[in-house]
Amino acid sequence: MGKLELLQLFAFDLGPVHIGVTVLTTWLLMALLAGLAWLGTRRLSVDAPTRAQSALEGAVLALEAAIEGAAPGHAPRLLPFIGTLWLFIAGANLIGLVPGLSSPSGDLNLTVALALLVFVSVHWYGIRIDGLKQYLRHYVDPNPILLPFHVIGEITRTVALAVRLFGNMMSLELAALLVLLVAGFLAPVPLLMLHIVEALVQAYIFGMLALVYVAGALQSHELVKSN
């Protein structure tokens with residue numbers, strides 16, 4: 001019995017909410033990431049850093065540099081959210097390589113949840129900086145007639161963010177299935193490498209789009225404040 005079938009056996013209903021394979025796989029991934037984070041940070045040392053610690057520090061510095069390039073001065077504030085988003089989506093895309101498991105990012109429900117999380121975070125970070133009134137001001141600047149267009153833009157980019165990740169992961173799995181049907185199991189290694197590269201690229205794109213949206217909200221707010 002495959003792992004996916006085992007997860008299906010553990011599916012249950014919590015009132016009107018169905019806890020299915022996607023949710024269970026997501027919980028498994030969250031537990032795995034939390035365990036790896038604990039193992040990687042439980043013996044940090046300033047005087048004698050290990051190779052693993054040096055690698056982690058290099059990864060964190062790279063993330064900070066990427067965030068600083070899009071949102072100067074806000075890297076410490078945005079790193080926990082954007083970094084976690086990158087790690088989670090990369091793990092969600094790659095976990096489908098485990099025999100018997102499927103990528104939860106191939107489920108539209110998960111990608112919509114991630115897009116809504118980004119939507120809420122954009123406004124949360126904007127409001128947190130200088131308050132609700134000052135943040136909302138950029139929606140009616142320079143003219144209140146632009147308010148409907150701002151609202152439509154917020155909705156459409158959230159929908160696009162969810163559909164983009166879902167569509168790309170679904171197309172990747174379908175492409176892999178077609179290659180296997182045509183070529184059999186003669187080319188598993190190139191197919192595996194393609195899946196890994198594409199999974200990491202899609203995680204990077206989603207995280208960068210989230211970062212750009214948050215940075216755009218912060219920059220719009222700062223422009224309104226300067227005016």
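Q: How much accessible surface does the protein have, and what share belongs to carbon and sulfur atoms?
A: About 13,500 Å², with 73% belonging to carbon and sulfur atoms. Those areas come from the Shrake-Rupley method with a 1.4 Å probe, and for residues only the protein chains shown count as cover. This is a predicted model, where local features need pLDDT of at least 70, side-chain atom pairs count only at pLDDT 80 or more, and totals for chains, interfaces and linings use all residues. Residues are numbered from 1 along each chain as its sequence is written, and side-chain values use heavy atoms, leaving out hydrogens and water.

Q: OK, how many helices and strands are there?
A: Eight helices and two strands, in the order α-β-β-α-α-α-α-α-α-α from the N terminus. They're DSSP runs numbered from the N terminus: helices are H or I, at least four residues, and strands are E, at least two.

Q: What percentage of the residues is buried?
A: 31% of the 227. Buried is under 20% relative accessible area, exposed is over 50%, and partly exposed is in between (1.4 Å probe, protein chains only).

Q: Which residues in the largest nonpolar core touch the most other members?
A: Leu78, Ile82, Leu85, Ile89, Leu114, Val118 and Phe206, out of 42 residues. Such a core is a set of buried Ala, Val, Leu, Ile, Met, Phe, Trp, Tyr and Cys residues joined through side-chain atoms within 4.5 Å.

Q: And which helix gives the most to it?
A: H4, with 11 residues.

Q: Zooming in, what does Leu114 touch?
A: Leu85, Phe88, Ile89, Leu165 and Phe206, leaving aside residues up to four places away in sequence. Contact means heavy atoms within 4.5 Å.

Q: Why does Val163 count as partly exposed?
A: Because its relative accessibility is 45%.

Q: What about Glu154, buried or exposed?
A: Glu154 counts as buried because its relative accessibility is 10%. Glu154 lies in helix H7 and touches Phe119, His123 and Tyr139, not counting residues up to four places away in sequence.
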